[in-house]
Amino acid sequence: MSDAHGDTIDALGHEDRRFPPPADFVAGAAVTDAAMRAEALADSEAFWARQASELLTWQEPWSRVLDWQVPNARWFDGGRLNVAENCLDRHVAAGNGSRVAIHWEGEPGDTRTITYADLLAEVERFSNVLRSLGVAKGDRVNIYLPMIPEAAVAMLSCARIGAVHSVVFGGFSSQSLADRINDAEAKVLITADGGYRRGEVFALKPAADEALATTPSIEHVVVVRRGGNEVTMQPGRDHWYHELMEEASPSCPAEGMDAEDLLFLLYTSGTTGKPKGIMHTTGGYLTHVTYTHRYVFDLRPDDVYWCTADVGWITGHSYIVYGPLANGATQVMYEGVPNHPGNDRFWDIVERYGVTIFYTAPTAIRTFMKWGAEEPAAHDLSSLRLLGTVGEPINPEAWMWYHTHIGQGRCPIVDTWWQTETGGIMISPLPGETTTKPGSATFALPGVSAEVLDDAGQVVTHGGGYLALTEPWPGMLRGIWGDPQRFVDTYWSRFEGRYFAGDGARLDDDGYLWLLGRVDDVMNVSGHRISTTEVESALVSHPAVAEAAVVGATDDTTGQAIVAYVSLRGGADVDVTTLRNHVATEIGAIAKPKAIFFTPDLPKTRSGKIMRRLLRDVAEGRDLGDTTTLADASVVSELQQRAAQAPAED
Ligand code: PRX
């Protein structure tokens with residue numbers, strides 16, 4: 001592990017603040033003692049089976065809880081169920097049709113109140129639309145939408161008819177969209193004219209059109225009208241959502257699905273340039289997200305829950321769409337940014353809807369800290385009773401600020417560690433049971449087994465190492481679409497029989513887990529995974545660039561910031577802005593390097609390997625220590641001078 005991790009370990013070792021669950025929270029909490037942990041420890045399969053049968057409605061019972069042939073798991077084999085039926089029909093059938101499923105708020109301030117009955121009606125119609133466009137069970141459907149209710153409708157409609165959705169975050173470029181459509185060979189694309197962001201309409205359909213020029217598998221495109229921006233519709237291929245919905249028949253029975261049928265693909269960055277299509281299936285995934293949403297957030301009937309993620313990420317899949325809806329929760333869904341029209345937009349939303357559970361990312365919390373405590377203080381946040389974080393390690397200062405200024409000292413905080421691959425939360429406090437420490441995700445949840453391992457795969461009982469998951473869990477990924485070998489190589493080869501998460505972790509004296517960030521070439525920028533190789537490939541695809549090396553440098557707000565070192569082809573010339581925009585076009589604005597340094601050569605070992613650790617040290621302004629393994633040490637001193645002079649880009 002790098003020096004940076006060593007520093008973190010030292011710093012965290014001094015954390016001695018403790019926050020036991022407050023008595024009035026415990027009074028109404030679902031889990032208040034270690035009984036659930038003991039039950040899961042005694043027999044984890046029986047534990048998960050109990051969750052699956054208590055929390056979900058099955059059309060047919062399973063014949064076997066778990067079939068585990070490393071690394072392939074089958075959960076609840078033989079069982080049949082439908083995810084949309086679990087998220088919608090059963091709540092309506094139980095008499096809860098008039099319960100609000102989604103309080104939606106657009107960035108300009110327009111609102112929609114959608115009950116479970118409304119959502120079911122919309123999903124049934126749209127399921128028929130998809131069928132009429134030729135979508136059948138097992139077909140892939142791509143979704144490229146802003147944060148509007150139609151995103152949830154599209155996902156649930158796929159689930160209803162057994163189609164596999166692949167959602168692409170609306171901030172990704174047309175090139176990224178095209179790559180994902182082609183990898184999945186999707187038949188239909190669902191997009192919108194545009195959406196609202198920072199007070200303006202951002203166009204989606206034109207980006208989709210660019211992608212569609214290179215995606216032969218797409219037969220139909222459904223376009224939701226949201227931005228009102230002008231778009232071109234290709235006759236025969238492109239259809240307006242509202243027109244198709246008008247013609248669609250209102251009733252569509254839910255398809256019975258096998259527990260192990262594919263529910264969705266979601267692409268995420270790995271250490272190589274090509275994003276991985278992470279596969280999640282039906283019964284185990286829904287069990288895992290429903291269970292975690294209920295117990296980690298201690299969900300109660302009168303809660304108003306709000307997760308600020310985008311549906312384009314796993315957090316949006318598991319904790320906006322599937323977990324909350326399967327639990328029949330009432331939630332807020334917000335389209336835009338936290339600083340439009342003012343820096344208090346989130347607190348205004350919390351106040352107006354009476355939000356009780358608030359789930360966001362550390363990068364957002366650090367941004368709120370910068371904006372100042374006056375913003376939340378100007379609003380009535382007394383409805384809040386529980387706070388959550390996800391996506392990256394939260395530094396103790398940000399945790400304390402969240403606790404003090406948002407939770408007003410009253411709300412437990414659940415720091416939830418998990419990944420696109422895990423499907424749902426794995427390590428987190430249970431808020432009525434666990435004494436928290438600022439910055440620690442505490443313990444593996446009941447039913448989950450996590451260990452810290454050293455280089456040789458030996459269990460570390462105290463101190464730092466690599467995080468591994470040692471038993472299969474229901475929401476685990478079932479593979480990488482079209483690449484079974486990469487699945488084995490990435491997750492199951494580092495430690496035999498155990499899942500390698502790619503994160504560093506440390507166990508303290510009390511057995512608390514502290515997550516320390518990635519140990520591979522994946523950066524975490526504002527809680528989003530971006531691979532160094534992906535950004536390097538994007539840079540090198542510019543005709544002026546000969547070679548590029550990209551590192552993640554520690555950043556106060558975004559966790560890590562992308563720093564690129566670029567050497568140009570002989571005689572070529574290009575400026576920083578052009579290159580940053582080029583990366584945005586290739587991948588998306590989230591992958592734009594914060595700083596780019598030009599250098600005639602990259603520092604390499606004598607065997608030709610780029611020394612990334614050293615580049616990270618340069619980017620973070622650290623002393624370099626021993627550089628004797630370098631082929632040409634002068635390259636580095638020159639880079640250090642440039643780094644010291646250059647202003648960072650916004
Ligand atoms: O490094 C860990 C970090 O985010 C990675 C997973 O990213 P992604 O698949 O995009 O999913 C993010 C939302 C679940 C992990 O490998 N990470 C996520 N949550 C935490 C975290 N690091 C520390 N603490 C967390 N609570």
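Student: How many aromatic pairs does the structure hold?

Tutor: This is a predicted model. The structure holds 42 aromatic pairs.

Student: How far apart are the ring centres of Trp306 and Phe346, and is the pair stacked or edge-to-face?

Tutor: Start with the general idea: planes over 60 degrees apart count as edge-to-face. Now the case. The planes of Trp306 and Phe346 stand at 65°, so this pair is edge-to-face. The ring centres are 4.8 Å apart.

Student: Which parts does the pair tie together?

Tutor: Trp306 belongs to strand 16 (residues 304–307), and Phe346 belongs to helix 13 (residues 345–353). The pair therefore ties together parts that are 40 residues apart in sequence.

Student: Are Trp306 and Phe346 buried or exposed?

Tutor: Both Trp306 and Phe346 are buried.

Student: How are the rings of Tyr334 and Phe346 placed?

Tutor: Their planes are at 90°, so Tyr334 and Phe346 are also edge-to-face. Here the centres lie 6.1 Å apart. Distant parts of the chain are linked again: Tyr334 sits in strand 17 (residues 330–334) and Phe346 in helix 13, 12 residues apart. Tyr334 and Phe346 are both buried.

Student: Which residues do ring pairs link into a cluster with Phe346?

Tutor: The cluster consists of Trp306, Tyr334, Phe346, Trp347, Phe358, Phe368 and Trp371.

Terms used:
Residues are numbered from 1 along each chain as its sequence is written. This is a predicted model: local features need pLDDT of at least 70, side-chain atom pairs count only at pLDDT 80 or more; totals for chains, interfaces and linings use all residues. Side-chain values use heavy atoms; hydrogens and water are left out. Rings of Phe, Tyr and Trp (its six-membered ring) pair if their centres lie within 6.5 Å; planes under 30 degrees apart count as stacked, over 60 as edge-to-face and the rest as tilted. Helices (H or I, at least four residues) and strands (E, at least two) are DSSP runs, numbered from the N terminus. Buried means under 20% relative accessible area, exposed over 50%, partly exposed in between (1.4 Å probe, protein chains only).
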